[in-house]
Every structure is written in structure tokens, then in C-alpha cells.
Amino acid sequence: MSGERKVILITGATGGIGRATALTFAKTGHYHLALHYKSASAETRDALASEVNALSPIPDPDTGATPSTIKVDFFQADLGDYDSVRKLHKDVVAGFQKIDVLFANAGSTLGHQGVKNLVDVPIDIFERTWRVNTGSAILLTQLCLPAMEAQGWGRIIFDSSVAALTGGSIGPHYASSKSAMHGFVHWLAGNVAKKGITVNAVAPAVITGTAMMGTPTGEREREMAASKYLPSFATSLRGSKCFSCLNRSVAKLILCARDTCRSAWTTGRDC
Ligand SMILES: NC(=O)c1ccc[n+]([C@@H]2O[C@H](COP(=O)([O-])OP(=O)(O)OC[C@H]3O[C@@H](n4cnc5c(N)ncnc54)[C@H](OP(=O)(O)O)[C@@H]3O)[C@@H](O)[C@H]2O)c1
């Protein structure tokens with residue numbers, strides 16, 4: 001993938017997985033970074049930008065040439081509001097001219113975790129979770145697709161969760177928001193494959209240390225470790241089977257985004 005750098009839009013880029021992903025993409029030297037956030041402080045954004053800037057310019061891994069500095073910029077939006085999603089897309093295109101790779105990573109539990117009873121999650125929390133986690137990602141995809149189709153190349157990656165496949169330990173609103181992604185990914189992957197666009201979902205298991213998951217201790221840690229769903233991870237996800245599988249998940253992401261022979265044929269996968 002030498003030549004002109006691709007532009008990747010990462011939503012939720014200042015969160016745990018988003019940040020790690022942004023840095024990993026930056027390290028490849030192949031991407032300019034359009035980084036979305038909702039409420040991350042200026043300090044948090046500056047720290048991430050500094051880390052990216054400290055990495056660049058990176059010699060092209062294929063040619064050895066030292067290209068110009070990686071461009072990195074931040075865009076604010078509440079993904080629970082579709083007009084904000086449209087504005088986010090417009091702002092990124094205005095700043096970067098294009099979006100080649102969309103990593104729809106932002107997600108929320110809407111403050112409801114470890115739900116024990118269905119009635120504990122009001123239906124409006126379900127709807128808002130679906131909008132933040134799923135609807136906004138689908139709308140962003142709709143907005144990004146026409147330009148990807150026109151250039152005959154694009155990569156769309158959703159950040160799902162093991163909860164989509166097992167129910168998980170957060171709650172029914174979250175699990176249902178993630179499982180909806182997979183039907184969408186499979187439909188769209190078949191629809192746009194001939195146009196040079198791949199569509200995939202990564203479905204990580206529990207990654208502790210992020211704002212969403214925190215670092216469970218005591219009863220919660222024991223509860224998660226003993227979850228009846230954990231043993232099924234290996235078979236259901238072919239790899240994401242343990243706590244702290246961040247590196248593995250990010251590696252899968254990079255694979256889905258690149259332009260190698262293998263990646264070009266990887267589409268419609270839940271990995
Ligand atoms: N950690 C895990 O165990 C795990 C496992 C499987 C899947 N995932 C998925 O991975 C993704 C990232 O999660 P994480 O663990 O890295 O959590 P995190 O550190 O809490 O990051 C979540 C990100 O989503 C953004 N966000 C939350 N609500 C938003 C909203 N209404 N509008 C726009 N952005 C919003 C946050 O933005 P601000 O911080 O700027 O507000 C933050 O950047 C999520 O989709 C999550 O479901 C996580």
C-alpha cells in the first residue's frame with residue numbers, strides 16, 4: 001500500500017480501543033488520521049496528537065522514502081444525534097477531502113452495566129444505545145459509501161463485541177446494539193464487494209482498562225471471569241478468547257483496513 005496515504009476516520013478515537021487503534025494506524029505510516037471524540041478534554045486530545053506527531057514522519061515501509069508528516073485532526077460529535085453525525089462527515093471531508101477507511105468504533109453502555117433484569121433497562125435507553133452504537137455507524141457508512149464507490153476502494157470496519165454473539169455481561173441494550181451490526185455487515189459486504197469495498201466487524205472480548213470497562217475488581221472481576229460465556233469465546237470468535245486482547249483486536253483491524261491480497265478478499269467477516 002505505498003503511494004498516497006489513505007485517510008481513516010476513527011470514531012471514539014480518544015477512548016481505550018480508539019486511541020490504541022489510532023496509534024497503531026499512525027505507526028504503519030500509511031494513513032492520515034481524522035479522529036472523532038465526544039467529550040474528551042483538550043488535554044487528552046493534545047496528548048494523543050503529540051504521540052502521533054512523535055511517530056511521524058515515518059519512512060514508507062515499502063519504499064523506504066520519508067514522506068511528509070502524518071496529518072491528524074480532531075472532530076467533535078455526539079453520535080446520539082444524527083444531525084451531528086452528518087456534520088461530522090461534512091467536517092472530515094472538508095478537512096481531509098476524503099475518507100478511505102471508516103472505523104466505527106465509538107460505543108456506549110449508556111451507564112447501564114451488569115444488568116440482571118430486562119426491566120431494569122428502560123426502552124428509551126435501548127433506543128439511545130442503538131442510535132449511538134449502531135444507527136450512527138450505519139449513517140456514517142451511508143455517507144462515506146458514495147465517494148468510496150466512486151474511487152473503487154474503501155474499507156468499513158465496525159467495532160462490535162463478543163456480546164453480539166453471546167449476550168455478554170453488560171446488558172440486553174448493548175448486546176442487541178452490537179448484534180444488529182452483523183446482519184448489516186453481511187448484507188452490505190455482499191452488496192459492495194464488486195465495487196472494491198470491504199465491510200467487516202471485529203468483535204473483541206473483554207478489554208479492561210478502557211473507560212467503558214474500567215478495571216473490574218472484587219465481585220465484578222470474579223463474576224466476569226466466571227461468566228458462562230467466556231469458555232465459548234474461543235469457538236465463537238476464533239481467537240478473541242481472553243481478557244486484555246487489545247493487541248489482537250487492533251491487529252485484526254489493521255488487516256481489515258489494508259490493501260494486501262489477503263485483506264482485499266476479507267469481507268463480510270465477524271472476527
Ligand atoms: N472494552 C471492551 O471490553 C470492549 C469489548 C468489545 C467491544 N468494545 C467496543 O469497543 C468500542 C470502544 O470501547 P472502549 O472499551 O475503548 O471504551 P471507551 O474508552 O469508553 O471509549 C468509548 C468511546 O466512544 C465515545 N462515545 C461514547 N458515547 C458517545 C456518543 N454518544 N457520541 C460519540 N461518541 C461517544 C467516547 O467518546 P468521549 O470519550 O470523547 O466521550 C469514547 O471515545 C465500543 O464500541 C465498545 O462497545 C469494547
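Predicted model: local features only at pLDDT ≥ 70, side-chain atom pairs only at ≥ 80, totals over all residues.
Close-up 1. Setting aside its neighbours within four places in sequence, T267 touches A189, A193, T198, V199 and N200. You will find T267 in the segment that follows α10, the helix made of residues 261-264. Is T267 buried or exposed? T267 counts as buried, because 20 C-beta neighbours lie inside 10 Å and 20 or more is the cut-off for that label.

**Close-up 2. Helix α4 alongside helix α6.** Here we look at α4, residues 123-151, and α6, residues 172-192. Two packed helices are described by the angle between their axes and the distance between the axes. For α4 and α6, the axes come within 9 Å and cross at roughly 30°. That angle makes α4 roughly parallel to α6, since angles under 35 degrees count as roughly parallel. As for handedness, α4 and α6 cross in a right-handed way.

**Close-up 3. The residues that join α4 to α6.** Which residues of α4 meet α6? On the α4 side they are I125, F126, T129, W130, N133, T134, A137 and I138. Their partners in α6 are H173, Y174, S177, K178, A180, M181 and F184. Sorted by class, this contact holds 9 nonpolar, 5 polar and 1 charged residues.

**Close-up 4. The shell around the ligand.** How many residues surround the ligand? There are 27, and the closest are G12, G15, G107, T210 and M212. By class, the shell is made up of 12 nonpolar, 12 polar and 3 charged residues. Helix α1, residues 16-28, supplies the largest share of the shell, with 3 residues.

**Close-up 5. Helix α1 beside helix α2.** The helix α1 that contributes to the ligand shell also meets α2, which covers residues 42-55. Their axes come within 9 Å and cross at roughly 20°. With that angle, α1 is roughly parallel to α2, and the crossing of these two helices is right-handed. To trace the contact, pick out R19, A22, L23, A26 and K27 in α1, then L48, E51, V52 and L55 in α2. What classes of residue make up the contact of α1 with α2? The tally is 6 nonpolar, no polar and 3 charged.

Key
Residues numbered from 1 in each chain as written. Helix = DSSP H or I, 4+ residues; strand = E, 2+ residues; numbered from the N terminus. Buried ≥ 20, exposed ≤ 12 C-beta atoms within 10 Å, placed from the backbone. Contact = placed C-beta atoms within 7 Å. Axes fitted to C-alpha atoms, helices over the stretch in contact; angles between N-to-C directions. Parallel < 35°, antiparallel > 145°, perpendicular 65-115°, else oblique. Left-handed = near helix turned anticlockwise from the far one by under 90°. Nonpolar A, V, L, I, M, F, W, Y, C, P; charged D, E, K, R; others polar. Near = placed C-beta within 6 Å.
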